[in-house]
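Trainee: I'm new to this one, and I'd like to learn what the labels rest on. Could you take me through it?

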Amino acid sequence: ASNPEPAPPVNSGINTGSGAGASLDSAPTLPTMPIAGGGDENKNRPADPPGKPPLPSAGPERAPSKRNSTPQEPVSGEAPALNGKRRVERSVSTGSSTSSKGEPEIKAKPMEGLLRGWSEPSQTESQSSVGELDDIPSDASPLPDARPILARGNILTRSSLRSLVMKKWHSSFWARYGPTSLLVFRSKDDFEDWLNNPYHSPRQREYLVKARLDFFGEMKKADVRGFKMTEIKLKSYDKKGRPVHNFKLEKWTNLGVSLVAAFASQDLAEVEAVRDAVSQSLEMCPSHGLRNIDDLLVKTPSEKALELMGNSKGNSKGSKDP
């Protein structure tokens with residue numbers, strides 16, 4: 001048999017120093033070099049042969065992302081990631097809140113605390129905050145100025161004719177607005193809505209006020225003598241109900257006296273607070289809120305007899321004078 005022909009030389013593109021026609025059997029073994037940051041599978045990776053452009057490096061291997069890592073703050077104008085949000089479970093009974101991780105959240109202040117610690121904004125601040133809203137109707141009334149609110153509180157009232165006749169008390173909220181005015185609302189929510197809602201028309205805002213007592217404005221009328229309050233008394237208006245501390249507000253005119261409103265509460269401090277507010281308002285009015293009403297007072301028969309005797313003596317002296 002004839003000897004097999006030698007295999008044709010293969011040009012591998014590698015300069016081994018023995019010419020371009022060297023065979024694969026005589027090709028030297030390529031050196032190996034470790035890859036930075038690679039694993040065990042990359043330790044024996046052969047180096048790039050000379051004359052061939054190197055492969056792009058993948059760079060250091062990135063650490064696997066942690067599920068509970070702190071989310072980065074989103075760029076402005078970009079929506080935050082959904083997995084970055086934390087669901088808050090609020091407790092309705094206690095008012096506290098906890099996150100999904102069990103971390104305590106900031107407890108919201110009750111509405112009473114917000115009202116006590118509330119700083120009244122100025123008129124310019126109220127107008128600037130309303131001006132930022134674009135959906136306010138054209139017929140909306142401006143927000144009331146919060147600075148004249150001098151006192152406020154809860155109270156039971158009888159201000160309508162029906163409630164005065166039926167002697168039925170209604171839960172209300174009062175506010176001394178300015179030095180000589182008292183506003184009565186059906187609830188504290190109506191008071192806050194009247195004060196802070198910029199969408200109400202003038203008619204809607206005025207409807208929230210259950211009763212408006214303008215003592216100084218009433219004293220300007222010629223037929224009005226003024227206002228008078230009764231003393232605080234403890235009285236039970238229901239056979240099964242608890243007695244309440246109450247007082248009445250009367251309006252005196254040239255025609256006589258009429259009942260304007262009545263205020264009551266089981267808490268004596270609440271009744272004293274609204275009575276002090278009315279008293280301070282009347283002190284700012286002419287004649288301290290009440291002009292002379294001697295001619296309107298009902299006199300007993302003995303007082304009328306003494307007055308007639310005094311008048312007759314005066315007439316007799318006048319007749320004796322020359």
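This is a predicted model: local features need pLDDT of at least 70, side-chain atom pairs count only at pLDDT 80 or more; totals for chains, interfaces and linings use all residues.

Trainee: Why is Lys 167 called partly exposed?

Mentor: Its relative accessible area is 46%, so Lys 167 counts as partly exposed. It is found in the loop between helix 3 (161-166) and strand 4 (170-177); helices (H or I, at least four residues) and strands (E, at least two) are DSSP runs, numbered from the N terminus. Lys 167 also has a positive phi of about 55 degrees, although it is not a glycine.

Trainee: What makes His 288 exposed?

Mentor: His 288 has 55% relative accessibility, so it counts as exposed. You'll find His 288 in the loop between helix 7 and helix 8 (301-320). Its phi is near 55 degrees, a positive value in a residue other than glycine.

Trainee: How do you know that Val 184 is buried?

Mentor: Val 184 comes out at 2% relative accessibility, so the label is buried. Val 184 is found in strand 5 (residues 181-185). Leaving aside its neighbours within four places in sequence, Val 184 is in contact with several residues, including Phe 173, Trp 174 and Val 209. Contact here means heavy atoms within 4.5 Å.

Trainee: What about Leu 234: buried or exposed?

Mentor: Exposed, because its relative accessible area is 53%. Leu 234 sits in strand 8. Apart from neighbours within four places in sequence, Leu 234 is in contact with Pro 243, Val 244 and His 245.

Trainee: Why is the pair of Arg 147 and Asp 145 called a salt bridge?

Mentor: The rule asks for a side-chain nitrogen of Lys or Arg within 4 Å of a carboxyl oxygen of Asp or Glu. For Arg 147 and Asp 145 the closest N and O atoms are 3.0 Å apart, and they form a salt bridge. Arg 147 is exposed because its relative accessibility is 51%, whereas Asp 145 is buried because its value is 17%. By this rule the count comes to 5 salt bridges.

Trainee: What makes Glu 231 and Arg 275 a salt bridge?

Mentor: Their closest N and O atoms are 4.0 Å apart, and the pair forms a salt bridge. This pair links distant parts of the chain, 44 residues apart: Glu 231 is in the loop between strand 7 (224-229) and strand 8 (233-235), and Arg 275 is in helix 7 (residues 268-283). Glu 231 is exposed because its relative accessible area is 55%, and Arg 275 is buried because its relative accessibility is 18%.

Trainee: How do you know that the charged end of Arg 275 sits over the ring of Phe 247?

Mentor: A charge sits over a ring if NZ of Lys or CZ of Arg is within 6 Å of the ring centre and within 35 degrees of the ring normal. The charged end of Arg 275 is 5.8 Å from the centre of the Phe 247 ring and sits over it. Arg 158 lies over the face of Trp 169 too, at 4.5 Å from the ring centre.

Trainee: Why is the pair of Phe 185 and Phe 191 called edge-to-face?

Mentor: Rings of Phe, Tyr and Trp (its six-membered ring) pair if their centres lie within 6.5 Å; planes under 30 degrees apart count as stacked, over 60 as edge-to-face and the rest as tilted. The structure holds 8 aromatic pairs. In the one formed by Phe 185 and Phe 191, the centres are 5.4 Å apart with 70 degrees between the planes, and that is edge-to-face. Both Phe 185 and Phe 191 are buried.

How values were computed:
Residues are numbered from 1 along each chain as its sequence is written. Side-chain values use heavy atoms; hydrogens and water are left out. Buried means under 20% relative accessible area, exposed over 50%, partly exposed in between (1.4 Å probe, protein chains only).
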